[in-house]
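Please look through the structure shown here with me, one question at a time.

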Amino acid sequence: MVWITEENYEEQMHKEVEPYVYARMESGFFEREKDKKLYYEHCRADDPKGVIVISHGFTESVRKFTESAYYMLQNGYDVWGLDHRGHGRSYRNNKNPYVVHVERFSNYVEDLHYLTENMVKPASGDLPIYLYCHSMGGCIGAWTIEKYPRLFKKAVLSSPMLGLSFGKVPVPVVYVAASLKGIGDKKKNALKTVESFPKEPNFENSCDSSEVRYHYYFKKRLSDTALQTTDPSINWGKQSVRACARVTSRIETAKIKIPVLLIQAGNDTVVKNASQDLFASRVKKCELYRVPDMKHELYMTDSQVLIPYWEKIFSFLG
């Protein structure tokens, strides 16, 4: 197993990781709904023992998980991922290119199910299929394994969005405000004014604990307008609050039949750890693994944390 360290990180990414991953990649678009194209990537391992489907987080893209895919491929897993609608190269129903909008959160769930059922399964034969999720992708993943309990063999939820954090503002207040403000087409407007993608990096206020990894992807975003979403629409906020309440409910969590590994960031200010604790307590086969002192994006930490993080995940998948 080759791990990418902080020393000469960008050089390692450009000379080792990207060529390795891209040589094994095919990409394209699929349509679950007419004229709503969703971008996907599929990387083939040399001798696969299983398949991992990636569900990325808010304002992200599957392309942000190139280093993650590198580790998955080395460990013998084929890798699939899609840009969720409103993200990356996928369909967007919003004129503002920096704002992520979704009509219904369940659209994300059905997109992920369609990809897995109609593309991943036929290409994978008898290989076991696993789910790896981050943040918003974790809420999508939780809903998916509740609604389709046999779609995946196991699921990893990394810093899953099971409860949103709005600082000192209570969630019900945000929900009511979004409901009143987002009437008609106004629901596509940003929760706050967004006019452009920031041209200067801001690692200190980011969700990352690894500065070199943050700057590597920030440069990618600067050079590719498809990666420059930054903020939610009013309706995204409203739909996400409702989705978090749904997936953590007793009724829905009782539907989960597969083993789940929930990995929690100790210094997470984006999502609520208390909601993750609640979810873990209600899911019969859920292991809660805490990573102390780390920020939200656990797959973007320094090597001394990142290596044990991935070792835990691969041990869980088996």
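The questions below go through contacts between side chains, backbone angles, surface charge and distances.

This is a predicted model, in which local features need pLDDT of at least 70 and side-chain atom pairs count only at pLDDT 80 or more, while totals for chains, interfaces and linings use all residues. Residues are numbered from 1 along each chain as its sequence is written, and side-chain values use heavy atoms, with hydrogens and water left out.

Q: How many salt bridges does the count come to?
A: Side chains of opposite charge can pair when their charged atoms come close. A salt bridge is defined here as a side-chain nitrogen of Lys or Arg within 4 Å of a carboxyl oxygen of Asp or Glu. By this rule, the number of salt bridges is 22.

Q: How many residues apart in sequence are the parts that Arg213 and Glu6 tie together?
A: The side chains of Arg213 and Glu6 meet in a salt bridge, at 2.5 Å from N to O. Arg213 lies in helix α6 and Glu6 in the segment before α1, so the pair ties together parts whose separation in sequence is 207 residues. (Helices, H or I of at least four residues, and strands, E of at least two, are DSSP runs numbered from the N terminus.)

Q: Which residues are linked with Glu33 and Lys36 in a network of salt bridges?
A: The side chains of Glu33 and Lys36 meet in a salt bridge of 3.9 Å, N to O. Glu33 counts as partly exposed at 25% relative accessibility, and Lys36 is partly exposed as well, at 26%. The network also links Arg32, Arg85 and Asp111.

Q: What is the angle between the planes of Tyr9 and Tyr216?
A: Rings of Phe, Tyr and Trp (its six-membered ring) pair if their centres lie within 6.5 Å, and planes under 30 degrees apart count as stacked, over 60 as edge-to-face and the rest as tilted. The count comes to 22 aromatic pairs by this rule. Tyr9 and Tyr216 form an edge-to-face pair, 5.8 Å from centre to centre, and the angle between their planes is 85°.

Q: Which helix holds Tyr216?
A: Tyr9 is buried, with a relative accessible area of 4%, and Tyr216 is buried too, with 9%. Tyr9 lies in helix α1, so its pairing with Tyr216 ties together parts that are 207 residues apart in sequence, and the helix that holds Tyr216, at residues 211–223, is α6.

Q: What value is phi of Thr59 near?
A: Most residues other than glycine have a negative phi, and most peptide bonds are trans. Thr59, found in the loop between β3 (50–55) and α2 (66–74), is buried, with a relative accessible area of 14%. Its phi is positive, in a residue other than glycine, and is near 60°.

Q: Where is Asn8, which also has a positive phi?
A: Phi of Asn8 is near 55°. Asn8 is partly exposed, with a relative accessible area of 48%. Its place is in the segment before α1 (9–23).

Q: How far apart in space are Ile313 and Trp3?
A: Ile313 lies in helix α10 (residues 303–317) and counts as buried, at 1% relative accessibility. Ile313 and Trp3 are 310 residues apart in sequence, and their distance in space, C-alpha to C-alpha, is 15 Å.

Conventions: Buried means under 20% relative accessible area, exposed over 50%, partly exposed in between (1.4 Å probe, protein chains only).
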